[in-house]
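This report goes through selected local features of one protein structure with a ligand. Please keep the sequence and the 3D view open while reading.

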Amino acid sequence: MPEADTRSFVVDRENDRFLLDGAPFRYVSGSLHYFRVPRVLWADRLFKMRMSGLNAVQFYVPWNYHEPEPGVYNFNGSRDLIAFLNEASIANLLVILRPGPYICAEWEMGGLPAWLLRKTEIHLRTSDPDFLAAVDSWFKVLLPKLYPWLYHNGGNIISIQVENEYGSYKACDFTYMRHLAGLFRALLGDRILLFTTDGPEGLKCGSLRGLYTTVDFGPADNMTKIFALLRKYEPHGPLVNSEYYTGWLDYWGQNHSMRSISAVTKGLKKMLKLGASVNMYMFHGGTNFGYWNGADDKGRFLPITTSYDYDAPISEAGDPTPKLFAVRNVISEFQEIPLGPIPPPSPKMMLGPLTLYLDGDLLTFLDILCPHGPIHSVLPVTFEAVKQDRGFMLYRTYLTHTVSEPTQFWVPNNGVHDRAYVMVDGEFQGVLERNMRHQLFLIGKIGARLDILLENMGRLSFGSNSSDFKGLLEPPVLGQTVLTQWLMFPLNIDKLVKRWFPLPLLRSSHPQVPSGPTFYSTTFPILGEGGDTFLFLPGWTKGQVWINGFNLGRYWTRQGPQQTLYVPGPLLFFGGTLNKITLLELENVPPEPKIQFLDKPILNSTLHKTYIYSLSADTQSPSEPMELSGH
Ligand SMILES: CCCCNC(=S)N1C[C@H](O)[C@@H](O)[C@@H](O)[C@H]1CO
């Protein structure tokens with residue numbers, strides 16, 4: 001490896017190429033997001049990318065993942081960015097780093113921290129002084145950490161992206177982009193290659209003099225036309241596609257997205273023939289654990305699914321797919337790829353069916369879930385106003401008059417952000433949903449308790465023309481009465497589940513199966529071989545899952561398209577130690593509250609029936625699904 005002072009990565013405009021240490025260089029890169037993969041699996045994924053023939057890895061840095069509160073930073077465990085850079089170096093992968101501040105990526109609020117919205121008038125992604133002050137403060141912490149890792153300083157970072165597809169954002173604020181470019185230069189020096197990425201329609205507002213202009217497009221796009229457009233901004237230098245889509249994202253309630261191998265490899269081959277440098281987005285997608293998914297606004301609010309499989313060459317579970325081998329073959333026609341096999345799919349585990357036991361409805365645990373007690377306000381306030389960034393908040397009021405006939409209950413101006421589970425005196429009444437179900441019909445006596453559990457389904461990560469506040473944005477109306485005098489209970493469910501995790505809960509004796517927000521759980525040993533697995537929740541409706549205290553993410557079996565949740569093996573205990581699974585079911589449980597662990601994912605089906613896969617004794621593989629009556 002050359003000494004640090006002779007190391008260089010530059011644009012050679014005379015020959016339309018990059019030079020690495022003075023020699024012609026073309027990167028063939030893939031995107032992997034460390035924040036979507038448990039740290040213990042980073043090395044495995046990066047090794048498979050190297051063995052696929054890639055020489056670089058591209059990843060974002062989500063601001064909200066590392067600065068949970070203003071001035072509070074977290075770079076530990078699965079947030080240890082430096083450890084990830086080191087793993088990439090060990091895998092012999094150069095790094096194309098994209099620190100934002102906005103990253104899109106189908107990630108919560110596109111990576112921007114929700115606490116920015118505590119200033120309700122802030123103009124995100126502009127030269128708004130409040131926004132720039134927060135950005136400066138964050139980058140003055142982050143960028144110095146990257147400085148030693150810059151390629152010319154002896155590290156593996158060859159280029160850094162400023163903002164993300166800024167040209168697709170309404171503001172088109174060049175003062176903001178120049179501010180970012182100046183900040184990056186001030187903190188990273190003048191040698192590192194800074195670049196921008198935009199779709200063809202975004203180049204006008206997204207590119208900036210002094211930043212190398214790149215584009216993004218997928219297999220179905222007109223490459224010739226887009227690269228010709230790029231040449232208007234970069235007449236010389238290498239052609240770069242920073243996001244060549246190998247698949248696509250999934251929304252709850254829509255079909256699983258897939259892109260054909262032939263289309264992906266045909267476009268890749270054409271770009272490599274042109275001498276272009278390419279980053280494949282995604283090469284390994286991973287998972288939106290916890291509440292970290294983002295959402296899109298396509299006239300409807302569309303939350304992104306928990307799985308970020310992306311139909312990528314490496315599957316969500318880290319397994320090589322036929323697409324990986326096809327891509328590897330194309331790369332091998334243009335540059336040397338490492339000798340040796342691609343590791344085979346990892347062992348998968350099956351278990352169950354297991355019966356879950358009722359722990360109690362959510363309201364039972366309100367005091368523990370909100371130990372500081374409620375916040376009172378005449379009108380309901382948002383999640384951001386009470387500093388609850390993600391998850392759930394309970395809104396409570398009491399009826400000031402009796403409604404003896406079913407009476408319309410609704411929230412004006414589409415003010416449910418995003419889903420409201422409505423209860424009267426603890427009895428589940430139904431769901432109100434953003435952009436969708438706008439009303440219920442309630443009855444209740446004077447003094448009856450009205451509880452509304454509000455679920456934040458993830459803030460808009462793209463196309464947001466305004467800040468995506470969460471909660472009840474308007475006071476609900478019952479009949480002609482605007483309901484006032486609200487108690488807001490911010491809920492810390494994760495803390496409660498983590499506290500429960502080692503202990504089986506005292507079973508509450510509930511004669512009938514309750515509906516509405518309810519906790520179920522069980523403990524179970526795994527005696528056989530370990531491995532990854534896929535949690536299958538047949539007949540359940542929608543909720544959140546924790547395994548051994550780890551928030552695995554959202555399930556929405558009723559909507560699909562994913563019916564299983566990926567469970568990385570390292571989350572589980574083997575050899576007899578008890579594992580604990582906890583579900584918060586928000587709507588309705590199946591007649592038999594069972595779950596199963598399968599050895600294959602189900603990402604593309606919306607089962608409206610209840611299936612329980614029974615292990616056939618001889619083969620230990622799921623027999624044909626048995627359809628249960630009643631659903
Ligand atoms: C519905 C498309 C949402 C816009 N996002 C687009 S075009 N993309 C570009 C964006 O830069 C990247 O972060 C990803 O968000 C990617 C889609 O996976």
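Predicted model: local features only at pLDDT ≥ 70, side-chain atom pairs only at ≥ 80, totals over all residues.

## Ligand surroundings

The ligand has 18 residues around it, and those that come nearest are Tyr 60, Glu 106, Asn 164, Glu 243 and Tyr 310. By residue class, this shell divides into 12 nonpolar, one polar and five charged.

For Glu 106 the distance is 2.6 Å, and for Tyr 310 it is 2.6 Å. The corresponding distance for Glu 243 is 2.8 Å. On its own the ligand has 440 Å² of accessible area, of which the protein covers 93%.

## Largest pocket

The largest pocket holds about 970 Å³ of space. It is lined by 35 residues, and Arg 79, Tyr 291, Trp 292, Arg 390 and Asp 494 are the closest to its centre. The lining consists of 17 nonpolar, nine polar and nine charged residues.

Which elements each supply at least two residues of this lining? They are helix α2 (63-66), helix α11 (493-500) and strand β32 (550-555). The largest share, four residues, comes from α11.

## Cis peptide bonds

Between Gly 352 and Pro 353 the peptide bond is cis, with omega near 10°. Pro 353 belongs to strand β14, which spans residues 351-355.

A cis peptide bond also runs from His 417 to Asp 418, where omega is near 20°. Asp 418 sits in the loop between β19 (416-417) and β20 (419-424).

Asp 21 is a residue other than glycine with a positive phi, near 55°. Its place is in the loop that links β2 (17-20) and β3 (23-25). Is Asp 21 exposed or partly exposed? With a relative accessible area of 30%, Asp 21 is partly exposed, because that class runs between the 20% and 50% limits.

Lys 387, likewise not a glycine, has a positive phi near 60°. This residue lies in the loop between β16 (375-377) and β17 (392-398). The relative accessible area of Lys 387 is 56%, so Lys 387 is exposed, the cut-off for that class being over 50%.

How values were computed:
Residues numbered from 1 in each chain as written. Heavy atoms only, no water. 1 Å grid on protein atoms, 1.4 Å probe; cavity = no way out; pocket = protein on both sides within 12 Å on 5 of 7 lines; lining within 4 Å. Points joined across faces, edges and corners; volume = space filled by probe spheres on them. Nonpolar A, V, L, I, M, F, W, Y, C, P; charged D, E, K, R; others polar. Buried < 20%, exposed > 50% of the residue type's maximum accessible area, 1.4 Å probe, protein only. Near = heavy atom within 4 Å. Polar contact = N/O pair within 3.5 Å; in protein donor to acceptor, adjacent residues only side chain to side chain. Areas by Shrake-Rupley, 256 points an atom, 1.4 Å probe, with all protein chains shown as cover.
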